[in-house]
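Please look through the sequence and the structure shown here before reading the notes that follow. They are arranged by topic for a reader who is new to this structure.

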Amino acid sequence: RSRAPLVVELGSGSGLVGLAAAAAAGAPPQLQPEADGAATGATQVAAALLDYSKWSKLEDSDDEVPAADVAATAPGRPEPPQYGAKDLAESTQPRRQPPVPDYLVGNSGGGGGTNCYTSLCRLLDKDPESGVDNSHQLCQAFGKLFRCGMMDNQRQRFYREAIASVPPGAFIVILGLGSILPALQVARRQAPGRAVLLELSSRLAGLATELVKANKLSLPVVAMPQGLDNQELVRQALVPHLPADATHVVVLTEMFASDLLSSGLVPASLAAHAAVKAIAPRTQIQHLPKTVELTATPTEIRTERFGAFDVRNFNAFRHSSSNDKADFWWWSVRLDNQPNTKVALLGPPQTLCGFDFDRSSQITLDEVRRSVQLKISERGRCNAVAMWWTARFGDLEYSTRPRLADGPNSEDDRREHDRSEWKQAVHYLAGETSVFVGDVLEVLVSMTPRFTVRMMQQSPCSVEAPLWVKAPLAAKCSATLPILPYHFLMLTDLHRLQVYADALREAVRQQRKRLGRRVRVLDAGAGLGLLGMTAAMEGADVWLCEAVPLMRQMCREVLGANAKEIAEKEGLVQLLPPMMSTRLQVGEDVPHKFDIVVSEVLDLWGLGEGVIPTMRHAHKKLLEDGGVMIPSRLVVFAQPLELQLWGQAERDNKVDLSPMGSIFKCKFSPMRINQFPHRMLSDEPCPVMEIDFRNVPSQPPDGAPNLENVQLCIRMGGKPALRARMSTVPITTSGMLCGYGVWWAADLGNGHVISSAPSSPQRSWKQLMRWVDPPRFVSEGEEVQVLSCYNENQVNVEDVHVPKAMVDQYQEQVSQQVHQQQGTPLPLQGKPTREEPSPAGTRRGSQPQQKKKQVREVGSDAAVAAALTAAGDAVHRGAAAGAAAAAAGAAGAAKVEEPYADLVEVD
């Protein structure tokens, strides 16, 4: 017999759903009695009493096990395969975790007062007295500022033409060194005593003085560390230079920022204007630029798919629902350079604020708050407001407007370097809002001329950012963005994902064919889990391990969005609780070892994100015999090249910028080499170091030799390096050796390689420039020596150059010691030693001549050892005795006797 199906309606309301289900099943509808007990139909049906006692034995549907699954999991039967996605943190007991490394935590480089030029200047002057050496980072920051400013053709053209239009008799007050070139143009154009430069930083003021001297110009420079916004201090600085009877004064400044205001443009201009008026009341004051205007437009910046995966949830990280120390910040984004990202301006630009500095007396510095109605002219999902500014001087104009704002049909003939140095200031809102043509987005704007611009959306959001998306707040790290900005960059790098995905798919197929079962894969440092999900789409059983709780939560969201596709491909992804992969234990955290371990924790240096401890632990503790590691090895390359950061600016503007290199020295600089004029001095890059992740050397004891073929100990960071190597690079093109370009290539197996080389199309990693100080000329056919070494998180590359004077000095020292031991007089310089026949028929001078040859070789080796000492970190004295013999043997020299080896002591 067939029975009508049982339908249970929970929270019946009007009961219409139950009635409809009963009618569809062919059963007579049963109505519940009214509250007064009266029948509601022709036939009154008595309701049976319900037995609630059995409810206590029921389980929630999520915990129930179907009968078929119970039978399948009975003893003696294999467990059926599972597909889809799991969060293992929901079924495991929490355990204490170590703190997350600082380099994995969010970023504090937000807009406004946290990352402006003024703050950098204060750090630059404070650095020598603070006890903390930030000089390398500051050199990087200022070097980039000056370099980008000089290469900004649109900016330089604006100031060049504006300065040329200034009347010759005008007195020019320059506020800040800016991009250097306009200040040098003023010094070259103006007569002595007709200009002055006021600089906020004392060290930058010193740089300006050196630049003026190097170019044989005259321009007084005054350091103003107390600030350029103090009217009285500015007046005192101008009094010795500005004539009281001056009739025309021009105030020139480049104190801009991405949001226009953060570097103190407005208060500095107002203070200078008032100070000039106090000194010369009747003078005409003109500002360059005369007017500035800040505009804003509603914007959509979203990533929807990355490769084969839905990553729309990741856009929640763009919303800075930050902490109490950092709120409502903007971020610098170059809207024209966001591949694989949907970027759309959803409305016409609207003016937020503007300043006419020729009317400075009417400008106030008070905060202004007002509601701004941003009109919508394009359909989309608005999650940000983009801002840019425009400066004007007469008919001249300089703007940070993106090319995107010119429209798709505009004829833009701007060249690559015509784009502005400054990016656009993007203020991410608290969520996403679906907008249509004719809508209005209301935002509350706070404008503080002394500080920055902040915004808060007043219109309701369609989807608000999750409450768990918050910037970290800790004693050591208070951030303004939930994650590091390079995560957004990586989501524009399809090449990187494609190379890893191809290598991983091939490895899964090979392992499945070899094993005849489902392949087990660990994605260590999973991030969003894209590599693990790639393996799962090939039917693998994947475990994702991510240490940062915030990133792991986002990985969970992205995993959920792609779980259906994974299940259709019969894959399984299991998300482990937040932990470092180096703490995983087989049998406790995971049931089995893995057939494949994949990790993409590679940074600019290659080792800075912990790939060595990650892969070493994985190979030793987590990988099955015959398992695959991706990547399996890393090769570091170095190539000598001629690259002068300021060379192009010097040639184009006929200036001498040599003081830049002497003041802002740094050992390494991250850069995209192909963006600079350069010349490679060798045909091919030299592989200076190879790191096999399947056989990483253990930490050597202090003093143990670690330099290949030489008995020397090279140290890094106070400990011996894991390994060191000397490499010889032949010079094939004569030129000025400015440094070495350094990059790496990771072997992903089966011919798949991901590289940070200049020729690689990837966007995630720049190259490193290892500078040679001072640069030197090298000729074709010459060879240069490179010392490379590495520890667990850093690679170091050094140029080993032994000047001839050093070799001669060591030869002389060793020669003196040898003759003192033998009791023979030193030969007179320039005169041959007297030779008398020996009893054996040999010449007495033959033995000393032979020993002199050995002394020359030992002296050269000692000089090399001394150069290695400076290059490494230190060379242990205990290894010095055998250093010369080993080096000479490697060079094919004659064997050095023990007395000579004792003479070679390396500091």
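This is a predicted model: local features need pLDDT of at least 70, side-chain atom pairs count only at pLDDT 80 or more; totals for chains, interfaces and linings use all residues.

A polar atom of the side chain of asparagine 230 lies 3.2 Å from the backbone nitrogen of leucine 233.

*The cap*
- Asparagine 230 sits in the loop between S4 and H8, where it caps the N-terminal end of H8, with a side-chain oxygen 3.1 Å from the backbone nitrogen of glutamate 232.
- Although asparagine 230 and alanine 271 are 41 residues apart along the chain, their C-alpha atoms are separated by 6.1 Å.

*The helix*
- In helix H8, which spans residues 231-238, the buried residues are Val234, Ala237 and Leu238.
- Seen down the axis of H8, these buried residues fall within an arc of 95 degrees, so they line one face of the helix.
- The buried residues of H8 are covered by elements including strands S2 (171-175), S3 (195-199) and S4 (221-223), together with H9.

*The cores*
- The largest nonpolar core has 113 residues, of which Phe142, Phe146, Leu198, Leu352 and Leu657 touch the most other members.
- Helix H9 (residues 265-279) gives this core its largest share, nine residues.
- Apart from this core lies another one, of 92 residues, among them Phe306, Val521, Met551 and Leu576.
- Beyond its neighbours within four places in sequence, phenylalanine 146 is in contact with residues including Leu177, Trp646 and Phe664.

How values were computed:
Residues are numbered from 1 along each chain as its sequence is written. Side-chain values use heavy atoms; hydrogens and water are left out. A nonpolar core is a set of buried Ala, Val, Leu, Ile, Met, Phe, Trp, Tyr and Cys residues joined through side-chain atoms within 4.5 Å. Buried means under 20% relative accessible area, exposed over 50%, partly exposed in between (1.4 Å probe, protein chains only). Helices (H or I, at least four residues) and strands (E, at least two) are DSSP runs, numbered from the N terminus. Contact means heavy atoms within 4.5 Å. The arc is that of the directions from the helix axis to the C-beta atoms. A polar contact is a pair of N or O atoms within 3.5 Å; within protein, one must be able to donate a hydrogen and the other to accept it, and residues adjacent in sequence count only if both atoms are side-chain atoms.
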